[in-house]
Amino acid sequence: MAILSAAGVQKARLAGLVLPLLAFMAAFFFLPVGHLLMRAVQEPELSQLAPNLQREIRAWDGTGMPPEMVLVSFRDDLAALQRDRRAAVVAKRAAAVDPAYREMIMTAARAASAEHAPTPESLLDAAPLLQDPATWAALRRVFAPFTDSYLLATVDRTRDPATGSVVPVAPNEAIFVDTLARTLGISLAVTLICLLLAYPLAYVIVRQTTTVQAIMLTFVLLPFWTSILVRSAAWLVLLQTHGVVNDALMSLSLVSEPLQLVYSRAGTILAMVHIQLPFTFLPIYSVMKSIPDDYARAASSLGARPSYVFSRVYLPMTLPGVAAGCLLTFILCLGYYITPALLGGPSDQMLSYYVAYYLNLNVNWSMAAAVSLVLLIITLVIYVVYVRMVPILHQTER
Amino acid sequence: MTIGRKIALASLGLMLATGSALAEGITITSWGGTYQDGQRVTYFEPFAAKTGIKVTEETYSGELAKIKAQVDSGDVVWDVVDVDSNMIATGCDEGLFEVLDYSRILDRSKFVEGAATDCAVGTIVVTTVAAYDKTVFPEGPETVADFFDLNKFPGKRGLWKRPYVNLEWALIADGVPMADVYKVLSTPEGVDRAFAKLDTIKDQIVWWEAGAQPAQLLADKEVAVTSAWSGRIQTAISQEKKPFEVVWDAQALDFNFWAIPRGAKNLDKAYAFIAFASDAPVMATQSKVSAYGPTNNDAMQHIAPEVQATLPTAPDHMKNPLVYDAKFWGANGEALTLRFNNWLAK
């Protein structure tokens, strides 16, 4: 009993030690991230900007033309917004459904805020699009408490304004499925190349004396101590049309024209491999270090050929390191932004580019949140698959 | 304990001191680089010397989000911001800026047409031009059509990674008269036509994102011809002695503005600064530092003729300008940017 309570005290003390970290994570990570991600399905602004309109239009059943009360609150809320110079915020939300709605809302807002408030009917004349019942059905969806339109947009789908059913967007507006495939493709390519480079390297390094290992490890880890931005910029200097690499190739007469190495997929992948190599290498190295030579020797003494020893004895034992290294690299690659931005062409941009684009330039934070959510979900799925795989890997180890 | 308390008190005092120091001054945000260096000499330091109001500088790259975040949270740190016309076109209607009271600045009629808007007052005439290296093309491109002509002038092209001006130039190069550019661009067929023209040089385009890049791309011979903001090229020519040449045909005339984020804490001082910076003799000194045109009509008479000749507003350069339509882009920017990004990624 006494021992148990002592253990309990010990446990409480340990918990006390990590409590500040947990509080920190909750306050500065989970809460803000969660709050931002909620924007992917919610428009907190609309209910504050046009409270009456939202209440009335949601009370209406959405068929035919809306009743008088909706039109009146539409006029009054827009007039108030226009006087407060906020009407464009609502117009922007509506424009996400159909670009023509921006001008419609702004025209209506200007008319509504005139000195003598117009009748609801004359407002419909000012912006003829408002005479179409489909417009009102679409506006009703804009004011829904939760919306799936941003998440649908991240898979190049939208809701048909008239019927509300999910349909693919116009081909020249479809962008995210391609970008998603590209993000996964680049990440996979970088992961595979890193593995091909890191595995033999780790294999060689573990077989050196301690001193040589320390020196070689320093070289592997050196890039770790330089910022990603600096390294990406350095690659730009090396690879550009009249950069170090091309000048060397030209002066050696190996090529007659400078090669296009920057603003291309090849340049992006090259720089990403350089940055990710230590992340793939270290888990593999640490697993290899923990494998005693005895197993391989035992297998050899029983008559196994070297290739058999490697493929059936050594390789399976290193798989947990391979899986951990590849997982780390793959997940980190999914979020790459600065390297493709500097070294890639426009067709090499990955999903994070659009997070930055919607956040900073377009100021559509809901769309940025939706794209981030997609990235987060992919990462979680991959992680779950990994966690499921680990016991299987350990089985093959035995 | 007493030492700890002393330190706490001292740091509290320090916080109060810096707090009051901030309250005395104003914070002005601009685009960095040689442009902001010029503003420091022309506006910030003389203003502080004249009024005793301390100017704290910040730098950004035109991210409207940074202003929106301050306005939405009600904690507005920036008092004056240097903005471009696209930001005004969307930000003014979204209520991100104060509506200006021109009686506290300068009469509206004193400004170049289009420079005095409801939410922002022009500070410079800035134009997008084409530029090339004379050592590469001794007989360089002279028109926007030449910019798109890969046979006559082979080599890579630098363009801004936004649809603005690119679509207009594509139409002009395709033969659309200057006066009809925005009319054509308002139709779906016109947009298709602009992208089709851009398609003809797409695989030769290097896209730039920051204003300092085009001059660098030209200097590195990464591109043969590039679009650029005229002042940056002019600086490279006059100060760094680069062998660059500007194509003034179809230069896209636009402005940079001073604006006050809505809810700025030092409104009076912000107005005082903008009034100071709009004063003709003060504004005239800006043109010497970076070659942009003044927005105050009276400023020209304070500028030496040899400097005037380098400005976008010099008569020689104004033979065939494209007057950039920020209203068009305010209404269509979102849809066209989506289409543009899409086209880029294909």
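Begin with the aromatic side chains: 37 aromatic pairs are counted over all chains, where rings of Phe, Tyr and Trp (its six-membered ring) pair if their centres lie within 6.5 Å, with planes under 30 degrees apart counted as stacked, over 60 as edge-to-face and the rest as tilted. Select A:Phe281 and A:Tyr285: their ring centres lie 5.4 Å apart and their planes meet at 20 degrees, so this pair is stacked. Both belong to helix α14 (residues 265-289) of chain A, four residues apart, a separation of about one helical turn. In general, an α-helix has 3.6 residues a turn, so residues three or four places apart point the same way. A:Phe281 is buried at a relative accessible area of 0%, and A:Tyr285 is buried at 7%; buried means under 20% relative accessible area, exposed over 50%, and partly exposed in between (1.4 Å probe, protein chains only).

A note on conventions: this is a predicted model, in which local features need pLDDT of at least 70 and side-chain atom pairs count only at pLDDT 80 or more, while totals for chains, interfaces and linings use all residues. Residues are numbered from 1 along each chain as its sequence is written, chains are lettered from A and ligands numbered from 1 in the order in which they are written, and side-chain values use heavy atoms, with hydrogens and water left out.

Next, select B:Trp208 and B:Trp229, an edge-to-face pair with 5.4 Å from centre to centre and 85 degrees between the planes. B:Trp208 lies in strand β6 (residues 205-208) and B:Trp229 in strand β7 (residues 225-229) of chain B, 21 residues apart; helices (H or I, at least four residues) and strands (E, at least two) are DSSP runs, numbered from the N terminus.

Where is the disulfide? Search for a pair of cysteine sulfur atoms within 2.5 Å. The whole structure holds one, joining B:Cys92 to B:Cys119 with an S to S distance of 2.0 Å. Its torsion about the S-S bond is about 70 degrees, so the disulfide is right-handed. Both cysteines lie in the loop between α4 (85-91) and β4 (120-133) of chain B, 27 residues apart.

Finally, select A:Cys333, whose sulfur is 6.6 Å from the closest cysteine sulfur, in A:Cys194, too far for a bond. A:Cys333 is buried, at 0% relative accessibility.
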